Amino acid sequence: MIGHALHDALDAAGPQAGHIVHLWWLTVAICTAVFAAVMAALVVALKRAPRAQAGDPPDVSSLTRAEPTLFRAVTAAVAASAVLLMVLLVASIATDRAIASLPGEGALHIEVTGHQWWWAVHYDDAQLDRVFDTANEIHVPVGRPVIVSLESADVIHSFWVPNLHGKKDLIPGHTTSISLRADKPGIYRGQCAEFCGLQHAFMAFEVVASPPAEYEAWAQAQRRPAAEPSDAQAQHGKELFMSGTCMLCHAIDGTTAGARMAPNLTHVASRRTLAAGTLENTPQNLAAWILDPQKAKPGAQMPAHPLDGSDLGALVAYLETLK
Amino acid sequence: MTADAALLERTWADRPGFAGWLAAVDHKSIGKRFIVTAFCFFVAGGLLAALMRAQLARPDNKLVGPDLYNQLFTMHGSTMMFLFAVPVMEAMAVYLVPLMVGARAIAFPRMNAYAYWIYLFGGLMLYVAFFLKVGPDAGWFSYVPLAGPEYGVGKRSDFWAQLITFTEVSGLLVSIVIITTIFKLRAPGMTLDRLPLFVWAMLVTSFMVLFAMPSVMLASTMLIMDRLVGTQFYNPAAGGDAILWQHLFWFFGHPEVYFIFIPGLGFLSMLISTFSRRPVFGYPAMVLSLVATGFLSFGLWVHHMFATNVPELGKSFFTAMSMMIAIPSAVQIFCWLATLLTGRLNMKTPLLFALGFFFILVIGGLTGVLLGSVPLDLQVHDTYFVVAHLHYVLIGGAVFPLFGAWYYWFPKFTGRLMGERLGRWNFWLFFVGFNVAFWPMHHLGLQGMPRRVYTYSAEMGWGTLNLISTLGAFTIAASVLLFVINAVTSLRRGTPASANPWGAGTLEWATASPPPSCNFVELPVVRARDPLWDPAAEPGSPRRVQGLAEDTREVLVTTLMEARPDHRMASPAPTPWPFWSAVATAVMFVGSIFTPWAVVWGSIPIAIAVIAWFWPTRAETRKSLEREKQPALP
Amino acid sequence: MRNAAIACLAALALAAACEREARRIDTGMPPVKSAGPRQGTLQPGVPGKGITASAGPLYQEGNALYVATGKRLFRWYNCNGCHASGGGSYGPALTDATWIYGSSPENIHETIAGGRPNGMPSFRGRIPDEQVWQLVAYVRSLGGFVAKDVTSARGDSLGVVDK
């Protein structure tokens, strides 16, 4: 959690998480009452029942004599349990329906693809020039429903932003989807919730919910291709990027780099985090990450790049221009 | 010792020496080995867990890297589920069921021995692989494609899949052994409604095993084939499906939880009855609940998959089932409470563990109701909340009753009582340590800590709760160590136990502690649910079975419902061939991890060993022919 | 007897395991910097000539992760674009017995690093040398030079049904 990203299932920021929190407290209340009742019965039993030794003769009178009081008590307790379970069942199904019926008018469509161990994010639109790609950071306008289509490029992942909604798996060969709505502006941390290999622990992302105007400004900026670097150092960095390993896996829109194996870097400098929500996005962290990604995320699929100081500086300077 | 007893001992004893040890078929020898082996795997799995807890004790810890951590939790889960929990319940049944139903021997004793060896070899294979750094690393559930040929690199997942084959072969065989013993070898008069509740529990469990395990064997065989010979069962690109694995796995995986839990319920009924000095209240309700749990447990599996594409109506069905299964458990808990309330309590360690069950299992059961609800599950699924829940259920529902059972039957196994003082320490440390270790995980899950992460960053704020949890885990370790010390010292210096040290009512307490090789010198005739508490022996009715040969291994087969004597049957003699068959089977299983041809050449030694196993000896044939001509009447 | 059996099993597993399963993820791959793309000097039909690199201890075609990484890079660097999962289209097939520039690890390394006339680009200096060697190991596995228990029986990738 970098900065002030929220990550808590009980602190709802959207209608779905809100419904779940209500159901949660109802269920917890009923369960606590049941637990207290059972424990009370146990304590009473322990207090009331006399003590005995192994040698004492057993009381087998129950074999020949009915125990109507006990029978009634047990029956009543079972009936009460069944009624409470019924209440929970109805509440659960009602909540499920409420969650599923998020009105979808004017929804924003986002496609998220899970990779080992990062998230590719594609903003869809009917107008082709409004489509754009980013990674590991999802911006959404407050109050507008978002339909996220989920796919996986390799193994099963699970998309989870606890403050907004429950989980949905990303399954190779299936397309799933989840609908969200953030009602409060804020930064909500998301995390892969299905074990997906070595760096499952650090496969995070962030959902940034901002007022519609702010969101539109961000999206507009994201749609622009990368700007040409102005100073010589950044220019050298770009040459390194395009002639070295980087462009074989990464894409920067507006340049010749168009690979989709690794996160799209067109506006990498505008993002809050690096390495799928793992590191704060600072030039120092970026340089360290390029030098040896294995240090922060052992097993990550990006190779190390032992650039010397000036080359590294140039590359970082170039990437920092990608606002 | 009477002459009869000496003769019976000669007839039924396993052979002496190491060769005799390998050839043993006595269910008590096999059962004890089974229990000790399963306990060793419990300790091994516990040590793996301790290492995991040490790694998670503080954020950004570098003690264990992701590669090893993934192997640790996979090994921990696989060990506890496949090498400890299920086998140990079967092991207890292998030892106790024939005694409880008043039989001279278990049904199919050689198959029983074979099942043990297969289990042992499977477990050893897994640990050899782990120490060679080929430990499986895709989780105990081995979801494809992470465990598939492309992403599950190397032979790691093959060892896991083959472990499944080993343990399932063993589990299926033991189930058949137990079902047959219960159905056909009961003492005369032990009608089905007089079965001890533990025996009922094992009957239900064994049937569940028969129906659930083929599903995972199929799934893991398909996985091996995908990995070894390139079939496409789970490859979506070629028309396979990754979700198919999840359905097949959980169709087994959820009942599996219950075949760990149901024997625990069986133990509890026995403990509570003995230590409340009265029969359990509501025997018919208890039996029906066990059976109902068995059936319902097959309708829950999708609640492990709510986050995949499940249709709404389907989800509601599985939610309803998940809640419904709480009712039979509730019935049993209320019946036990009623028993405790109206009994007179003998507060010994076994009862303490039973009382610990109430606290822990009720919490685990209630969080289970929570997890059965789709919306709540979507939030807490695959977080530490689930880790907490499953340990509350499995440790509360199975391990606490199991420890109670060990204290309870230890005198029967060994002839000595376990130390009471250490027993209390053992219990309280376990109880407190358990709650300290696992309660904080509920909170961690709600704060968003996912399962199966090798570390977490300090900024997440999960450090304190994790540290507390780790301290609790080490307390549990200390408690288990006390148990080991208690068991070892009691074995040598414990108070010698009489045949029935707890004043219990079931048949296993009718014979000496430890029982003779033939189980009962005088085979009992049963007239009540708790034969040793039977107040009014009908005058003139037979108290013991007569007419079974004493110089050959002969068991009495009775009818299914009424347990009327039906016929006498020869029980097989000790032989090393089950062991050699198991060796041959293990070679084939391990070989087929590396080459499909192992299935072909590996089956030849198996065929040879199995033929030798069934080869009749002249002496046996002659004896059984003689007996058929002229039964040995008294 | 039992101990002997266990020892046999262990020995068998050990022999099979140690090389195949070693993993080096915590230290990462040792990268090699070099002077940038350069055309190779090999000629068709003269496999021994002009080799500049030799397969050192870093080259492990007996290691499962090594070969699997090569397979991933084969996809990532779009080798499929010409070699079509090893079946060949614009570029030559890699699953047959014909190796225009030789099939030894050194020769394949030279081919990948140095490039070839008529379309095979040079990867020297563009990707770490270890990745070239990983690609070599995978390419050799396509040709059947690598032990079967090291390679995967099939792929799981969704793009194409590759080997």
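Colleague: What kind of model is it, and what pLDDT do local features need?

Modeller: It's a predicted model: local features need pLDDT of at least 70, side-chain atom pairs count only at pLDDT 80 or more, and totals for chains, interfaces and linings use all residues. Residues are numbered from 1 along each chain as its sequence is written, and chains are lettered from A and ligands numbered from 1 in the order in which they are written.

Colleague: What ipTM and pTM does the predictor give the complex?

Modeller: An ipTM of 0.94 and a pTM of 0.92.

Colleague: And what's the mean pLDDT of chain C?

Modeller: Chain C has a mean of 75, with 67% of its residues at 70 or more; pLDDT is the predictor's confidence in each residue, from 0 to 100. Confidence in chain C is lowest in helix α1 (residues 2–21), at a mean of 62, and highest in helix α5 (residues 129–142), at 90. Where pLDDT is low, the predicted coordinates should not be read in detail.

Colleague: How many helices and strands does chain C have?

Modeller: Five helices and zero strands, so the pattern along the sequence reads α-α-α-α-α, where helices (H or I, at least four residues) and strands (E, at least two) are DSSP runs numbered from the N terminus. Of the 163 residues in chain C, 38% are buried. Buried means that 20 or more other C-beta atoms lie within 10 Å of the residue's own, exposed means 12 or fewer, and partly exposed is in between, with C-beta atoms placed from the backbone.

Colleague: OK, switching to the A/B interface. How many residues of chain A are in contact with chain B?

Modeller: 75 residues of chain A, against 77 residues of chain B. Contact here means that the C-beta atoms of two residues, placed from the backbone, lie within 7 Å.

Colleague: Which element gives the most on the chain A side?

Modeller: That's α2(A), with 16 residues. α1 (15–48), α2 (68–100) and β7 (167–170) of chain A each supply at least two residues. By class, the chain A side divides into 44 nonpolar, 19 polar and 12 charged. Ala, Val, Leu, Ile, Met, Phe, Trp, Tyr, Cys and Pro count as nonpolar, Asp, Glu, Lys and Arg as charged, and the others, Gly among them, as polar.

Colleague: Now helix packing. At what angle do α5 and α6 of chain B pack?

Modeller: About 160 degrees, with the axes of α5(B) (residues 109–131) and α6(B) (residues 156–184) 8 Å apart. That makes the pair roughly antiparallel. The axes are lines fitted to C-alpha atoms, for helices over the stretch in contact, and angles run from 0 to 180 degrees between N-to-C directions. Under 35 degrees counts as roughly parallel, over 145 as roughly antiparallel, 65 to 115 as roughly perpendicular and the rest as oblique.

Colleague: What residues make that contact?

Modeller: Among them are B:Tyr114, B:Ile118 and B:Phe121 of α5(B), and B:Phe159, B:Phe166 and B:Leu173 of α6(B). The contact has 16 nonpolar, five polar and no charged residues.

Colleague: And how do α4 and α8 of chain A pack?

Modeller: α4(A) (residues 232–243) and α8(A) (residues 309–320) sit at about 95 degrees, with axes 7 Å apart, so they are roughly perpendicular to each other. A:His236 and A:Phe241 in α4(A) are included in the contact, as are A:Leu315 and A:Tyr318 in α8(A). This one divides into seven nonpolar, four polar and two charged.

Colleague: Where are the cis peptide bonds you'd flag?

Modeller: One runs from A:Gln116 to A:Trp117, with omega near 0 degrees; A:Trp117 is in the loop between β1 (108–115) and β2 (118–123) of chain A. Another joins B:Ser513 and B:Pro514, with omega about -10 degrees.

Colleague: What about B:Lys133 and B:Asp382, is each buried or partly exposed?

Modeller: B:Lys133 is partly exposed, with 16 other C-beta atoms within 10 Å, while B:Asp382 is buried, with 23. Neither is a glycine, yet phi is positive in B:Lys133, at about 65 degrees, and in B:Asp382, near 60 degrees. B:Lys133 lies in the loop between α5 and α6 of chain B, and B:Asp382 in the loop between α13 (374–380) and α14 (384–414).
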